[in-house]
Amino acid sequence: MKRIFSTMSLMSLAVSLSAQTSRTFTVNLTPDGDANMQVFLPETPSGKAVVDCPGGGYSHLSMQNEGTDWAKYFNGQGIAFCVLKYRMPKGDRTIPVGDAQKAIKTVRDSAEAWHVSPYDVGIMGFSAGGHLASTVATHAPIESRPDFQILFYPVISMDEKVTHKGSVVGFLGDHRTDGKLVKEFSNDKQVRRHVTPPAILLMAGDDRAVPILTNGLPYYEALRRAGVPASLHIYPAGGHGFGFRNTFAYHTQMLSELSQWLKTLGSVKADAKRVACIGNSITDGHGIDLSDVNGYPAQLQKILGNGYAVRNFGVSGRTMLNNGNRPYMKEKAWAEAKAFNPDIVVIKLGTNDSKPCNWDSYGKEFTKDMQQMIDELKALPAKPKIYLCCPIASSNKGKADDKNLIRDSIVVADVIPAIRKVAKKNKLTVIDLHDVVKQGSDEMLRDAIHPTAKGAGKIARKVAETIIL
């Protein structure tokens, strides 16, 4: 899809690129220097940083066209740029993945010295480097997971029948026929809600080296289905490997579109307060299209601004009860929420605990299990301020003998009093959300349990008002 740009927009881009690089140096990531980063710091830092993974089929690296040639472009926008020289896997996938994860962590650890926000560190990759970048974006633990991803004509699939065979051979080696590993590192199958970061994909429709129909497009679709913000740009021609070459017919358009996308990401201050939103499907954003944009934690981020870094750790259907049918504290999200080391925690659990299969058998354990969650949070280095939310009201109808029926009567009579009791004991603030979202209105979905984006906005405002007080 070709777009015509105004003279003014092109002039603005040229002016932005006129800024200079203030400092260049190399950081070794391994003692022998085989893995390293060439770092380009801008004169006027914006707080953003990008770790770049050049391509080369996991057999070599295109360090100029897909690497250092991009430094002026990023520095011109105040973005620190780090070109990663990662080691070839030769069948051992842990080698390049480990190098890329260490690169992200090194940038975050150097954030103060390099004038970077640790919450604005992205990863960029070309071809096989795009596979490496998307692997880190979908597989890495929270401390080395990027905040955004920029993918040029990426290898996504590890099925050699539909992707670049050389990349598969290099990355998986003799294990490339192992169906489990092929699936695990076909990254369109590894996208996770609230975990995989926002992405932009830039490709040419006539790419014959890495077919976009079985690589970039399935990845975009997976992101979109998971509610992760993603932007897709397919240029009519250009083949594979155009990188920063100005002979690419859409070079200027590509740079302008990438610049605009980077601006839409916004920014988070280096000293931002970390906010962890813990909860069930209402926190998760069940039923809300693009939940990472329209769910309550995402709207909370917009309200609070760049002085806060809000993360969604919601998982649908989960209970506070450890003996419930789907305990939250047994989920990976709980471990990641603690690894985030939040300054502020908003807990919204209790709705699913009201089900007969949960409350009738284990309701007496609710306060004990909530206390366990609070104690584990209090033990974190950040010593977070904890807010307990009363569940929103639900008016869903079901059969009386349905063991999975959410019962608002139990929420009102038992769950909310238990939450208030725990809050009083621990001197915590309660956020009463029970009547915030209006039943039977456009603030609720038809299931009468989950809020719409509009209802999520009301929850976000109520939470924000309490946090800011």
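## Exercises on a predicted model

**Exercise 1.** Which residues is Ala222 in contact with, leaving aside its neighbours within four places in sequence?

*Solution.* Ala222 is in contact with Asp188 and Val191, its neighbours within four places in sequence being left aside; contact means heavy atoms within 4.5 Å. This is a predicted model, in which local features need pLDDT of at least 70 and side-chain atom pairs count only at pLDDT 80 or more, while totals for chains, interfaces and linings use all residues. Residues are numbered from 1 along each chain as its sequence is written, and side-chain values use heavy atoms, with hydrogens and water left out.

Ala222 lies in helix 8; helices (H or I, at least four residues) and strands (E, at least two) are DSSP runs, numbered from the N terminus. Ala222 counts as buried because its relative accessibility is 17%; buried means under 20% relative accessible area, exposed over 50%, and partly exposed in between (1.4 Å probe, protein chains only).

Last, place the helix. Helix 8 (residues 216-225) lies across strand 6 (148-152), strand 7 (199-204) and strand 8, at about 155 degrees to strand 7. Axes are lines fitted to C-alpha atoms, for helices over the stretch in contact, and angles run from 0 to 180 degrees between N-to-C directions.

**Exercise 2.** What is the order of the strands in the open sheet of 8 strands?

*Solution.* The order is 1-2-4-3-5-6-7-8, and the pairing is mixed. Strand 1 and strand 8 (230-235) are the edge strands, each pairing on one side only; two strands pair if DSSP finds at least two bridges between them. From one strand to the next, the twist averages 15 degrees.

Strand 3 (residues 49-53) and strand 5 (residues 121-126) run parallel and are joined by 5 bridges. In this pair, Ala49 stands opposite Val121 of strand 5. Helix 3 (residues 94-109) packs on the sheet and touches strand 1, strand 2, strand 3, strand 4 (80-85) and strand 5, its direction making about 150 degrees with that of strand 5.

**Exercise 3.** Is Thr30 buried or exposed?

*Solution.* Thr30 counts as buried, because its relative accessibility is 11%. Thr30 is in the loop between strand 1 (21-28) and strand 2 (36-42). Not counting residues up to four places away in sequence, Thr30 touches Ala35, Arg87 and Asp99. A polar atom of the Thr30 side chain lies 3.1 Å from the backbone nitrogen of Ala35.

**Exercise 4.** How many disulfides does the structure hold?

*Solution.* The structure holds 0 disulfides; a disulfide is a pair of cysteine sulfur atoms within 2.5 Å. Consider Cys277: the closest cysteine sulfur, in Cys389, is 8.5 Å from its own sulfur, too far for a bond. Cys277 is buried, with a relative accessible area of 0%, whereas Cys357 is partly exposed, at 24%.

Definitions and conventions
A polar contact is a pair of N or O atoms within 3.5 Å; within protein, one must be able to donate a hydrogen and the other to accept it, and residues adjacent in sequence count only if both atoms are side-chain atoms.
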